[in-house]
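User: I'm opening this one for the first time, could you walk me through a few of its features?

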Amino acid sequence: MSKDTIADIITSIRNADMNRKGTVRITYTNITESVVKILLREGFIENVRKHKERDKYFLVLTLRHKRNRKGSYRPILNLKRISRSGLRIYSNYKRIPKILGGMGILILSTSRGIMTDREARLEKIGGEILCCIW
C-alpha cells in the first residue's frame, strides 16, 4: 500500500471489478469513508460495512456486477485518478468538467468536505479534483 489512499481505493475496486470479485476490503480512513459513501449514494457499489480485525478497521465493499456472465466481460466501473501527489488539479465551480455529459461523476475535495461535481456546482464551490467515475 502506498501513501496515496485515493489511488489505493481506485486500484482495489478496479482490480476486483476486472477479476469479477464480489467484495473488496480497503483500509479505513476518513477520506476513504467519504469517497465510499459517495460511491454508495451514486449507485456504483451495492453495500458497505465496517469490519474490525485486530486493532485495524476496514471497509468491505460489495460491488455491482452484471447478472449475465455470458460473452466477453466489460467492466462496470471505470475509475480514473485525476489529481495526484505530483500534479494537483484544482478547479473553480464554473470550470468543473462534466464526465460523459453528466452521466459520470467527479469527486472533489472542497473546503466543505469531499463531494461530487453536482453538489459543488450547486454550492458554488471549487476544489481539488480527486477522481472521476463513469
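Predicted model: local features only at pLDDT ≥ 70, side-chain atom pairs only at ≥ 80, totals over all residues.

User: How many aromatic pairs does the structure hold?
Analyst: It holds 1 aromatic pair, where rings of Phe, Tyr and Trp (its six-membered ring) pair if their centres lie within 6.5 Å. The ring centres of Y28 and Y57 are 6.4 Å apart and their planes stand at 65 degrees, so this pair is edge-to-face; planes over 60 degrees apart get that name, those under 30 count as stacked and the rest as tilted.

User: Where in the chain do Y28 and Y57 sit?
Analyst: The pair links distant parts of the chain, with Y28 in the loop between β1 (23-27) and α2 (30-42) and Y57 in strand β3 (residues 56-63), 29 residues apart. Helices (H or I, at least four residues) and strands (E, at least two) are DSSP runs, numbered from the N terminus.

User: Which residue lies over the face of Y28?
Analyst: That is K50, at 4.2 Å from the ring centre, and in another place the charged end of R25 sits over the ring of F58, 4.0 Å from its centre. The test asks for NZ of Lys or CZ of Arg within 6 Å of the ring centre and within 35 degrees of the ring normal.

User: Changing topic, what is the phi of R54?
Analyst: R54 has a positive phi of about 60 degrees although it is not a glycine, and R54 is found in the loop between β2 (45-53) and β3. Most residues other than glycine have a negative phi.

User: And is R54 buried or exposed?
Analyst: R54 is exposed, with a relative accessible area of 78%, given that buried means under 20%, exposed over 50% and partly exposed in between (1.4 Å probe, protein chains only).

User: What about K124, what is its phi?
Analyst: K124, which is not a glycine either, has a positive phi of about 55 degrees; K124 lies in the loop between α3 (117-123) and β8, and at 57% relative accessibility K124 counts as exposed.

User: Last one, how far apart are E33 and S109?
Analyst: They are 76 residues apart in sequence and 13 Å apart in space, C-alpha to C-alpha. E33 has its place in helix α2 and, at 26% relative accessibility, E33 counts as partly exposed.

Definitions and conventions:
Residues numbered from 1 in each chain as written. Heavy atoms only, no water.
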